[in-house]
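Subject: Structure handover

Hello,

The structure is pasted below, and my notes on it follow. Please read them with the model open.

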Amino acid sequence: MQIIPRLALGALLAAALTAPALAQTEITVQHPLPLQSHYGAGATALKEALERATGGRYRVTIQRNDNEREMIESVQIGTLDCTITSTGPVGNFVPAVRVVDVPFLFRDYAHARGVLDSEIGQQLLGQFTPRGLTGVVWLENGFRHLTNSRHAVNSPDDIRGLKVRTMENPVHMRAFRALGALPTPMAFSELVPALQQGTVDGQENPIPVIVANNLNQVQRFLTLTGHVYSPALLICNPAMLQRLAAADRTAFQAAAVAAQRANRDRVTADENTGVEELRRRGMTVTTEVDRGRFQTALAAAFAQYERELDGALLRRIRDWRAAQ
Ligand code: EAX
């Protein structure tokens, strides 16, 4: 082993002490769910991939904020870099996105993921730019199911008269109104208190959200309606992305793809174990649901969606098939 002369050692030390600290750029990502969730898995994968790819020149800070509309507003005005959010309130900012919120539009996860990864999904992401937002990548919340504290729901008739919390989403509200429920839109932050106080009887969310937020503690009945696929997104502030050097923007996009993979894998895992877990936690679960009856009960709402939303795009999505 070679001995470093004392002088040289001194010089090295001085250089190390005076060298400018590695300039680190901080990027803050907010999302509404616990870290141990499918959004947390996506955010963590984004953080790890970007920090690794840039040798620590970037630091991603992950924070929880359970008001999706507020986060999107903050990204739009530039006080927040990025958010992971469901499409719940997104249609209020980017109306074209509302087509993907139509109930029973997607047959299953493969159909939904395929459409969002296709040029249809890319075209919809392009609609964010004119609204002062950047739709970076499609993520996933999952197929939504109904829970309530009043009675088991086995058919559309059982929903009549239930006060159901919905996201701030007119497409979803129209569907619940058509089923005879009383939809009450509110931010996720208000959901649990509203269920505890009986302001609403029920709510609807994917299994990963129900499990991660212990909604079994405030809801007794779960019905696997699967009435709508709930996409999510990573949305960022355009100016923040513009400030990145081209190579770093490429690294950020690659990290976003890693986030998508981790998020979807977590949804798949939660879907495989979540229903049993909720039963184990004491929920009464209705698995046999005649979805055809729900679709029939929503016929009038579908006709309105065809008229008010992009009917041609709705049909294209419905008919989409993976290339053989
Ligand atoms: O995106 O508000 C909701 O019910 C959403 O599913 C939740 O915030 C996760």
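Asn 141 has a polar side-chain atom 2.9 Å from an oxygen atom of the ligand, which falls under the definition of a polar contact: a pair of N or O atoms within 3.5 Å, where within protein one must be able to donate a hydrogen and the other to accept it, and residues adjacent in sequence count only if both atoms are side-chain atoms. For Arg 144, an N or O atom of the side chain is 2.9 Å from a ligand oxygen. For Glu 68, the distance from a polar side-chain atom to an oxygen atom of the ligand is 2.5 Å. On its own the ligand has 260 Å² of accessible area, and the protein covers 99% of this. Accessible areas come from the Shrake-Rupley method with a 1.4 Å probe, and for residues only the protein chains shown count as cover.

A note on the source: this is a predicted model, in which local features need pLDDT of at least 70 and side-chain atom pairs count only at pLDDT 80 or more, while totals for chains, interfaces and linings use all residues. Residues are numbered from 1 along each chain as its sequence is written, and side-chain values use heavy atoms, with hydrogens and water left out.

The ligand site

Which residues surround the ligand? They are Pro 32, Tyr 39, Glu 68, Ser 86, Asn 141, Arg 144, Arg 165, Met 167, Phe 188 and Asn 205, where a residue is near a molecule or strand if one of its heavy atoms lies within 4 Å of it. By class, this shell has four nonpolar, three polar and three charged residues. Here Ala, Val, Leu, Ile, Met, Phe, Trp, Tyr, Cys and Pro count as nonpolar, Asp, Glu, Lys and Arg as charged, and the others, Gly among them, as polar.

The ligand takes up the space of the largest cavity. A cavity is a set of points, on a 1 Å grid over the protein atoms alone, where a 1.4 Å probe fits but cannot get out; a molecule sits in a cavity if more than half of its atoms lie within 2 Å of its grid points.

Overall

The protein has 13 helices and nine strands; helices (H or I, at least four residues) and strands (E, at least two) are DSSP runs, numbered from the N terminus. Its C-alpha trace spans about 85 × 45 × 40 Å along the principal axes. Of the 324 residues, 53% count as buried, meaning under 20% relative accessible area, with exposed over 50% and partly exposed in between (1.4 Å probe, protein chains only).

Individual residues

Ser 37 is in the loop between strand S1 (25-31) and helix H2 (38-53). Ser 37 counts as buried because its relative accessible area is 0%. A polar atom of the Ser 37 side chain lies 3.0 Å from the backbone nitrogen of Gly 40.

Val 90 belongs to the loop between strand S3 (82-86) and helix H4 (109-117), and at 1% relative accessibility Val 90 is buried. Its C-alpha atom is separated by 7.4 Å from that of Arg 69, 21 residues apart along the chain.

Phe 104 also lies in the loop between S3 and H4 and is buried, with a relative accessible area of 13%. Phi of Phe 104 is near 55°, a positive value in a residue other than glycine. Most residues other than glycine have a negative phi. Asn 214 is not a glycine either, and has a positive phi of about 50°. Asn 214 is in the loop between helix H8 (207-212) and strand S8 (221-236) and is partly exposed, at 32% relative accessibility.

Helix H10 (residues 246-280) contains Ala 255, which is buried at a relative accessible area of 2%. The C-alpha atoms of Ala 255 and Leu 50 are 205 residues apart along the chain and separated by 5.5 Å. Arg 279 is in helix H10 too, and is partly exposed at 34% relative accessibility. Between the C-alpha atoms of Arg 279 and Pro 130, 149 residues apart along the chain, the separation is 45 Å.

Finally, Arg 131 is in the loop between helix H5 (119-126) and strand S4 (134-148). At 42% relative accessibility, Arg 131 is partly exposed. The C-alpha atoms of Arg 131 and Pro 95, 36 residues apart along the chain, are separated by 9.9 Å.

Regards

Technical notes. 1 Å grid on protein atoms, 1.4 Å probe; cavity = no way out; pocket = protein on both sides within 12 Å on 5 of 7 lines; lining within 4 Å.
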